Amino acid sequence: QTEENWDFVLVSDIHEMGSEKEIKRKKFLDELSKKGFTIKKIEDTKLFYGVCAPQHFFQKYQCLLRNPDGRPQNPNAHQNIPVTTRIRIVHFILQNTVTPDFEKLQDLMNKKVFEAAFPLHEKEELRKLLKDEWVRWRLVCKQETIENIRRYFGEKVALYFAWLGWYTYLLGFAAVLGVLTFVAGFTVFSSSQVSKEICEANATIMCPLCDQKCPFWVLSDTCTYAKVTQMIDNEATVMFAMLMAIWATVFLELWKRQRATVVTHWDLNGWDEEEEELAMGLINNLQHEPRQYEHSYWRSTVVLILVLLMIAVLIGIAHALVIYRVVAMALFTQSGLELLREHANTMAVLTGAVLHYITIVVMTKVNRRVALFLCDLEKPRTLSQRENNFTVKIFTFQFFTNFFSLIYIAFFLGRINGRPGHYVRIAGQWRLEECHPSGCITDLFIQMAVIMVLKQTINNVMEYLIPWISHKLRKKHKRPKKRSVMLGEEEEAEDPCKMQWLSNYELNEVNVFSLFNEFLEMMIQYSFTTIFVAAFPLAPLLAFINNVIEIRTDALKMMRLHRRMVPRKAKDIGIWLQVLEAIGILAVIGNGLVIAITSDFIPVQVYKYMYSPCRKENSTVTDCSTGYINNSLSTFRIQDFEPHSIVPDMLLAFDRDKIEEYRDYRNADDYTYTVQFWHIFAARLAFLILFEVSAQGGRRGLGEGLDPGASDCLCFPQHVALCVKLIAAWYIPDVPMAVKNELLGKKHNDLRKEVRWVMSWKV
């Protein structure tokens, strides 16, 4: 055998002769020999076993699956099978070979009988082609050579890079729109009437921002912050949010078309994953019986309860972050450093964002373990079902981990904290934090900017650096020292396979989650890019830059730092498409809520059309937002402060009888909400409904085949009803298990007859 002919390499420690591990290893290799495998042993610091499957396995596979619509005329008239298919078949047989002790390869690896099992990287033209066209940094903007990726890593990896390339390509257009929106904000940086009024409000005294050591302050102190807020919070942002909701739909629809083209070119439209699994089971063992479909309402109930419990824990962690911000704000305002006291709110936001990122890193590992445990409880029949179940759970957990803190900042911060004289407090001591006096949307902007920059920068560095260091360490520790040649002794010729097997062994291990991790990372990024993009127009630009680097980093890892993945066949990106659909719906809801609730867009518009000078006089000279700031302030009497509050000294030359409270609409006598507050509330609700209807109409206009229930997401009750509908759809299977098992049995019997026919032809 030449080195290119070995399908898989098994690696084992050198065990003592007659030991239990040595006996188990021998039994497994004997079972492979009985099936006709050619096995080659090379001894080094480890034992390496090269295995090569007999040709009849691949002939049976071709006869069974080459023509799904009919029986082949001659089972001996086969063509050379692709290397990816060959590796996949051998991997299946290795994983399903049972020893006399009823142990499989995975059991033996768990018991340290074998240390590793992997296919070999190729050294020929294909690998050189991939390295030249896919890995080179100078070709960073070139479209991926998807066909070559498919021929080397299989359809599943190729489809991932096809999707990632397409996503990145269209992300370029979204990035341009985001930059234009951000630049448009610069045009109103100093010219906005709202920011001008704040900068000129030298006589407007504001309430202290904390209970102790916080002085009264002048509204004009927030001039710079107000200009930054207006740069983010303007009419261009509303248009950009609407365009991004449409962009998300355009991206998905164009990807579906692209996928259909690619899959048709690969001739995979008629491919059936279940049929291939059954065929390989029969190829490995003619007496193979498929595992039946199972569904237990008891197990489903337990899983649902545990999922809800885990979500409650994640929400609790988000609440802990809120408490941190509240306590940090109180501590910073009492700090001896003047810089911390003056920028206590900003420092609390920044440190809270960093702590949120650390929480994401830690909880990602916890979420993975919990999701795997829940998948084991469900007992899925196939690997694909297990992946789908795992995907839904881990994405749900990761979504709450990444976004619940953002949801609090966007929709609750500064709205549930009460008012001066009647603040909502944690443990009766620390009052809930408020938005910055210039508006809440800037807090959300800072939080998203910190998380996206940290997450993408650190992830990209660590994603490549850790495998690179690990590879270097493995290479250093596991490469044997060359034996010195004694005088007069001829050096023994080294087996040409040895260096190849050893170099592949020194690479980092891959597992079933290797590609899953890449998909999950992109889905979280896609969520950041679409759901709260109204508050952070630069999100698409950061995502685009990250993806350009990510594509090349992934290529470098797969080709140079990781062992070769076992190729897997696929004709789509699986359940990730449904995840993208869900994110698209959440993007419409999220951006609508950001503009309606977080932004000052609606209050300004209500003021312009109902309370501004333009309502009384038709003047083209007067800016209709003139007077908005004074209109949005409410009067508070100092004597109404809470008894335990320490009232600071009043600024000189100002009346001590009253001060102004920024950004609220309350009556001066009893602090109840004014009529204007309810006008704004109604306008916000109306805008949210119109925004969702418009975005949903745009989605339908582009021909998106949404589930009928998805169109009901217009108001909060419908949102809740949609969630209940999705849970019910998961809880109750569409097709009874008896029907599924009957179809499975029929398909299995047809394939078994086919195998017997092939074997009888050969005889």
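Residues are numbered from 1 along each chain as its sequence is written, and side-chain values use heavy atoms, without hydrogens and water. Because the model is predicted, local features need pLDDT of at least 70 and side-chain atom pairs pLDDT 80 or more, while totals for chains, interfaces and linings use all residues.

A pair of aromatic rings is described by the distance of the centres and the angle of the planes. Rings of Phe, Tyr and Trp (its six-membered ring) pair if their centres lie within 6.5 Å; planes under 30 degrees apart count as stacked, over 60 as edge-to-face and the rest as tilted. By this rule there are 40 aromatic pairs. Phe182 and Phe186 are edge-to-face, because their ring centres lie 5.4 Å apart and their planes meet at 85°. Both belong to helix 7 (residues 155-187), where a spacing of 4 residues separates them by about one helical turn. Helices (H or I, at least four residues) are DSSP runs, numbered from the N terminus. Phe182 is buried at 16% relative accessibility, whereas Phe186 is partly exposed at 47%. Here buried means under 20% relative accessible area, exposed over 50%, and partly exposed in between (1.4 Å probe, protein chains only).

Trp247 and Tyr526 form a tilted pair, with 6.2 Å between centres and 35° between planes. This pair links distant parts of the chain: Trp247 lies in helix 10 (residues 235-265) and Tyr526 in helix 18 (residues 514-530), 279 residues apart. Trp247 is buried at 9%. Tyr526 is buried at 0%. Both rings belong to a cluster linked by ring pairs, whose members include Tyr160, Phe251 and Trp576.

Tyr293 has charges over its ring. A charge sits over a ring if NZ of Lys or CZ of Arg is within 6 Å of the ring centre and within 35 degrees of the ring normal. The charged end of Arg381 is 4.7 Å from the centre of the Tyr293 ring. Lys740 lies over the face of Tyr293 at 5.1 Å.

Helix 6 (residues 146-153) is largely enclosed by the rest of the structure, because 6 of its 8 residues are buried. These are Ile146, Asn148, Ile149, Arg150, Tyr152 and Phe153. Just after helix 6, Gly154 takes a positive phi of about 95°.A nonpolar surface patch of about 660 Å² includes Ile458 and Leu465.

Definitions and conventions. Helix = DSSP H or I, 4+ residues; strand = E, 2+ residues; numbered from the N terminus. Patch = residues over 30% accessible without salt bridge, like charges linked within 9 Å, V, L, I, M, F, W, Y side chains within 5 Å. Areas by Shrake-Rupley, 256 points an atom, 1.4 Å probe, with all protein chains shown as cover. Salt bridge = Lys/Arg side-chain N within 4 Å of Asp/Glu carboxyl O.
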